[in-house]
Amino acid sequence: MNGSSFSELLSHPEKPLQVHLEGVSALCKDTISKKKLDFPKIDNRTLEDTAYILGVCHDFGKATRFFQEYIRETDERRKRSLKNKARTNHGLISAVFTYFVLREYLKDKSGDFWYLPVFGFLAVKRHHGNLKNPAIELSDLDEDSLEILLEQVNAIEQSQIEDVYSTFLSWVDVKDFSEQIEVIVRDIKRSRRELTKYLESEDSPLLYLLFQILYSTLINSDKTEASGLIPSNRAELSPILVDDFKRMKGWDKSDGVINNIRNTIYNDVIGNIENLDMRNRIYSLNVPTGTGKTLTSLSLALKLRDKIKNQHGFEPKIIYSLPFLSVIDQNFAVFEDVFKAVYGQVPLTEVLLKHHHLSDIFYSTEDDEFEEDQALFLIEGWNSEIIVTTFIQLFHTVISNKNRALRKFHNIANSIIILDEVQSIPHEYWLLIKEVISAISRHFNTYFIFVTATQPLIFDEHKNEILNLVKNKNSYFEQFDRIELQYIPDPMYIGEFKEYVRENIEKYLDKDFLIVLNTINSTIELYQYLISQKSDETGYYYLSTSITPKERLERIRAIKESDSRKVIVSTQLIEAGVDIDVDVVYRDLAPLDSINQVAGRCNRNYRDRKKGTVKIFTLKDNRTEYHKYIYSGFLIDKTKEVLEGTNIVQENQFLDLNNKYFQNVKDTQSKDNSKKLLEYINNLRFGSLNEDFHLIKNEYAKTDVFIEIDDAAREIWRKYQNIREIKNSIKRKNEFLGIKKQFYEYMISIPKAKAQSLVDADTGIGYVSHEELESWYDKETGFVSGEGRVLIF
């Protein structure tokens, strides 16, 4: 090897390589050692050692003269030039070294662990990027790669690298690596066929989970050590937190029919925890809408956490996941209220965290508050005890190839995951979710709680695949008689429907109305007609994704706070658990689970013990029924099958109706997408997962448009423009984090084809100035195009 002429090897500016490797390897080992994992044929000690070796080896390639020149360079232009050179890249040579060290480590191990060196190679090679399919990675080791590897090996000072690794791996001869590198590369290339055959024979998510927890542990430890943001001691959570809250509020006493049922359900669920069979880690909390699922599930998780700590010796994080942002904000506020009431203050972020792409970039611990870039790092790592997040964040972490998402993957292990409104998971992914959740619960000792009023048949309760925590479930559904549902199958034109709605609003002057339609076009047509006929005593509200998030939240808040009579016209976004209560609901035909959701907004609190009314219409324009624009024909057909001939459906019949619907869906659905994705998972085809797994599908290209609706928006846009002028990319990113939440409060997504003239070519973002509002944005109903109203689904 040729001398590098540097007195000390650096991993980062002003940080010795040896210090970084020591910190990362210690974090890797500590992460795995604290987990209770259950992988057959591989013991925890071997996993700990493997994680440690990944941490020690991942930056081996930074010892080259090429990298050392780059990391010390102060001229930004020359530094960028050096960074882009293949010889500077440390990933490949570090990956080959990791393979070599793991192979040496396993020589004295009994057990069939031959694949671990390959896993080490794949993980380290991509510790700064997104995962690729193993076949591609292993095939990329060509003659050009070998030539660069030989250059890099010869650019490492032998005595320096031996000094570094004699501390960590005294049993490894680094000189052997440099002399054998060509043989080692050939061995790695030969492993491609063996790995492919082995994965096919295993045909299980087990190896995917094993690889991902090692990869996640490595990249999180690497970034954590580099940032200096080492997690402190974990916060304590009281298992009786919700009990104390209910007592303080007086909610533990029965008061009225609904509160009595809520308390009975709460006591039923919580009373089962003491004798809970912990071998089954997948549970169901299936109770009617409006019966306190949010508080019950939180209390259940806290008590389950305490029981696991006492019986199994680890304290799970609680991950509360929901499909919709509006419900996340709503339920997070409930959790905050619980902590504030019991402890007299808002919980620190290290205790209770909200994580979605529009949440505040703020993080606090008992000792500190962090700058935006540090806060974002801690948020995205899920370092808190209770994490409230989206299905997108959760499932696109579990099923992903993305480095940024997978950094928090290791926190899935040994956690309690609450899946609220689980019926929102597309039926085409039921088999996929079932297999992945089953594997996670088994190998990661992770507990899942399915929370819903309309439980899909992802797991079969009759086959003991899921444990029902509500022993008297049927009796609770039978007690409810708040609403009646009527299905009107004959198609109705929107013009005829408008008249029908107006007549009923005028006829029932003491009733609040909610009308939910399938397209923005149809909601606007109805809303504009109704307000042209409105009386002064009635408040009219319009909700859809064509108005800014800021205005949507303000209108929802106004609806909740108003004591006046209300008429609300909305797209299906109102179904997303928004906590409002009306007397009459009219709904354009949708899948039954969506109908159930909107029915949950009707007579929710059983006011005056009078029945509410839910009517389902089949609306159409001059071309076709509106439901065909946005919903699967398969789900609509299954909904029609169970509603056909029902006439009036009472609320206490909903459970049977839903069970029949979901059974029909399960019996006749296509499992092709799930099977394809499971094949990708079982064969570690990470890149293919990224291409084909999409929890939310966009049927058409969209673009984001910033709407300057007020002075605050004008100021945010001015700040955004100034931030764009910042040359330093890191500083530019950190400055934007400071305004990100407010920035997206004024952002809407619209069909790209309808906003081409608004879009900035550099940013891809559209902009409507305050002066242009009249042409592009209606203060009541939102975005318009120059050619008339946009049809947005």
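Predicted model: local features only at pLDDT ≥ 70, side-chain atom pairs only at ≥ 80, totals over all residues.
I started with Glu-151, which is partly exposed at a relative accessible area of 31%. Glu-151 forms a salt bridge with Arg-87, and the closest N and O atoms are 3.4 Å apart. Arg-87 sits in the loop between helix 4 and helix 5, while Glu-151 belongs to helix 8 (residues 143-153), so the pair ties together parts that are 64 residues apart in sequence. I checked Arg-87 too, and it is partly exposed, with a relative accessible area of 32%.

While in that loop between helix 4 (76-83) and helix 5 (91-106), I looked up Asn-89, which has its place there. Buried or exposed, or in between? Asn-89 comes out at 44% relative accessibility, so I put it down as partly exposed, since the exposed class needs over 50%.

Next, salt bridges overall. How many does a search of the whole structure find? I got 44 salt bridges. One of the pairs I opened was Glu-225 with Lys-15, whose side chains meet at 3.0 Å, N to O. This pair links distant parts of the chain, 210 residues apart: Glu-225 is in helix 11 (residues 206-227) and Lys-15 is in strand 2 (residues 15-16). I noted both Glu-225 and Lys-15 as buried.

Then a local pair: Lys-340 and Asp-337 meet in a salt bridge at 3.7 Å, N to O. Both lie in helix 15 (residues 325-343), 3 residues apart, which is about one turn of the helix. Lys-340 is partly exposed at 35%, and Asp-337 is partly exposed at 37%. I also found a network in which salt bridges with shared partners join Arg-234, Glu-236, Arg-305, Lys-309, Glu-315 and Glu-385.

On to surface charge. I found a patch of negative charge made of Asp-112, Glu-194, Glu-200, Glu-202, Asp-203 and Glu-679. Which helix gives the most to it? Helix 10 (residues 174-202) does, with 3 residues. I picked out Glu-194, which lies in helix 10 and is partly exposed, its relative accessible area being 43%.

I traced 7 strands in an open sheet with parallel pairing, in the order 5-6-4-7-8-3-9. Strand 5 (352-355) and strand 9 (467-468) are the edges, each pairing on one side only. I followed strand 5 to strand 6 (residues 386-390): the two run parallel and are joined by 4 bridges. For His-355, I noted Thr-389 in strand 6 as the bridge partner.

Notes:
Residues numbered from 1 in each chain as written. Heavy atoms only, no water. Patch = residues over 30% accessible without salt bridge, like charges linked within 9 Å, V, L, I, M, F, W, Y side chains within 5 Å. Areas by Shrake-Rupley, 256 points an atom, 1.4 Å probe, with all protein chains shown as cover. Salt bridge = Lys/Arg side-chain N within 4 Å of Asp/Glu carboxyl O. Lys, Arg positive; Asp, Glu negative; His and termini not counted. Charge placed at Lys NZ, Arg CZ, Asp CG, Glu CD. Buried < 20%, exposed > 50% of the residue type's maximum accessible area, 1.4 Å probe, protein only. Pairing = 2+ DSSP bridges.
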